[in-house]
Amino acid sequence: MRGRVTLALRSLGTGCVFALVSTGQARGAEPKTPAAKPAFSMALRGKVIDSAGQPVTAARVDIATAAPRIGQGIFCPSCYRDCAKWTETDDAGQFELRELDPMLKFQLLCTAPGKEAHLSKLIDPLLGSLTITLEPAPTDLPPERTIRRRIVDAQGTPIRAALVSPWGAKEGERRWWGVVENCRAAVSDRDGRFTMLVPEGLEGVDLEIVADGYAGVQAELVAPGQEEQPIVVPRGARVTGTLIFEGKPAAAARIAVVQMDRGASNHFIKAVEATTDAEGHFAFDYLPASQPYAIFTPLTGKDEGPVLTTKKFTVPADGESRDLGTLTMIPALHLTGRVELPPGQTLPRGARLSLDRDPAWDLAQVEISAGGRFKATGLAPETYELRFPIKDFAVDSAALNYQALSDQSFGIRITESIDDLRVPLRAAPAK
């Protein structure tokens, strides 16, 4: 696996938007993203060395967050599509993350057994390769602040290169889920073991564990200072099915599934994407088991092909498989329109419209031209939230024929293609 990019599942926090990732992996941590695939892509290359300048073999390199090159970021920084990607260094300590969105910059998380985790600054891949130095992890850790555990599968076999991330904690009467300050991620070694130093005063830390070929798991309030105990990561369930369009197999069609239970107490992964084969067959592996899901065609805002309207189903128990049978796709709809500005006003550079929906819970962006026009294609006949996160402007709900959801968004039910949607904007009050 060294030297190749792996797309993985990553868990989300509540109330955000997320990205789509390819099946076959497991990965952990956070909220909602753009699903559109860039027209062209780039690679981020680098080398990982230790404090003595020697290459670090099999270091894990994850994309932790991303940010746009131009314009205002409207998504959770850790939830862009590319934030699901990771790879390992080769024998020379080198790595390459491929097929990245050329409109983004990236922050990397680098982990290796026996090394301190390193979180980089935002990196521009166009500026050339980079070098990451990993310092040795301290060996004299205080037992009362140290979590020592072993990551294994259901048969007790050690899982190496599992990413272990803190995602919640308890301190006295305070209980929370999310970022744990001054607590670094860790990665399991060949024996499945990892060590994590937690801040003083924490009674326990919630851990998100993700690994290649597993569904991942959330371990609740793991306490420091106890004897080493195994954390079992399930394989997950498998879901299959067939897509057809106009009575024929829908080959090379993109399809996705996502969990319906998005609460903090559930191990929640991002929407998982697959592509049908020549016979229209698809498969999703390593899904968290025994819970409800939605299946749908992911939004891009640009595709013209057929779509599958969102449908709900239940994933079977761990290690089991379910066939959803034959699902019929329909022609996609489109939405075109324009934003109308107050007299004398102009749009800022990089203005975009985003489309969001539930329960599919995915998101796409489309550009708004300098003249205010926009077009989104590849839409299923469903209800959407249209967001216009444009600096210094708000949607003029008094002049709008749809339900306003916020100062910059409104809801719309699309049952047929719309060719001239007018969106009046007003100057937003200064903050």
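Modeller: Let us begin with arginine 160, which counts as partly exposed at 30% relative accessibility. Please bear in mind that this is a predicted model.

Biologist: Why is arginine 160 called partly exposed?

Modeller: Buried means under 20% and exposed means over 50%, with partly exposed in between. Arginine 160 has 30% relative accessibility, so the term partly exposed applies.

Biologist: What makes glutamate 88 and arginine 160 a salt bridge?

Modeller: The closest N and O atoms of glutamate 88 and arginine 160 are 2.9 Å apart. The cut-off is 4 Å, so the pair is a salt bridge. Glutamate 88 lies in strand S5 (residues 85-88) and arginine 160 in the loop between strand S10 (146-152) and strand S11 (163-171), so the pair ties together parts that are 72 residues apart in sequence.

Biologist: Is glutamate 88 counted as buried or exposed?

Modeller: Glutamate 88 has 2% relative accessibility, and buried means under 20%, so glutamate 88 counts as buried.

Biologist: How many salt bridges are there by this rule?

Modeller: The count comes to 20 salt bridges. One of them joins the side chains of aspartate 420 and arginine 338, at 3.0 Å from N to O. Aspartate 420 is in strand S34 and arginine 338 in strand S26, 82 residues apart, and the pair thus links distant parts of the chain.

Biologist: How exposed are arginine 338, glutamate 340 and aspartate 420?

Modeller: The relative accessible area is 22% for arginine 338, 29% for glutamate 340 and 40% for aspartate 420. Each value lies between 20% and 50%, so each of these residues is partly exposed.

Biologist: Let us turn to the nonpolar cores. Which residues have the most contacts inside the largest one?

Modeller: They are Leu355, Leu386 and Phe388, in a core of 30 residues. Strands that each supply at least two residues of this core include S26 (333-340), S27 (352-356) and S34 (418-427). The largest share, 4 residues, comes from S34. Beyond four places in sequence, leucine 355 touches residues including Leu335, Val366, Tyr384 and Leu386.

Biologist: What makes S6 and S9 edge strands?

Modeller: An open sheet of 3 strands has the order S6-S3-S9, with mixed pairing. Strand S6 (94-100) and strand S9 (130-134) each have a single partner strand, so one side of each is left without a neighbour in the sheet. The twist averages 30° from one strand to the next.

Biologist: How do you know that S3 and S9 pair?

Modeller: Pairing requires at least two bridges, and 5 bridges join S3 (residues 42-50) to S9, so the two strands pair. They run parallel. Within S9, threonine 131 is the bridge partner of lysine 47.

Biologist: Finally, why is serine 120 called buried?

Modeller: Its relative accessible area is 8%, and buried means under 20%, so serine 120 is buried. Serine 120 lies in the loop between strand S8 (118-119) and S9. Its side chain reaches the backbone nitrogen of leucine 108 at 2.8 Å.

Conventions:
Residues are numbered from 1 along each chain as its sequence is written. This is a predicted model: local features need pLDDT of at least 70, side-chain atom pairs count only at pLDDT 80 or more; totals for chains, interfaces and linings use all residues. Side-chain values use heavy atoms; hydrogens and water are left out. Axes are lines fitted to C-alpha atoms, for helices over the stretch in contact, and angles run from 0 to 180 degrees between N-to-C directions. A nonpolar core is a set of buried Ala, Val, Leu, Ile, Met, Phe, Trp, Tyr and Cys residues joined through side-chain atoms within 4.5 Å. Buried means under 20% relative accessible area, exposed over 50%, partly exposed in between (1.4 Å probe, protein chains only). Contact means heavy atoms within 4.5 Å. A polar contact is a pair of N or O atoms within 3.5 Å; within protein, one must be able to donate a hydrogen and the other to accept it, and residues adjacent in sequence count only if both atoms are side-chain atoms.
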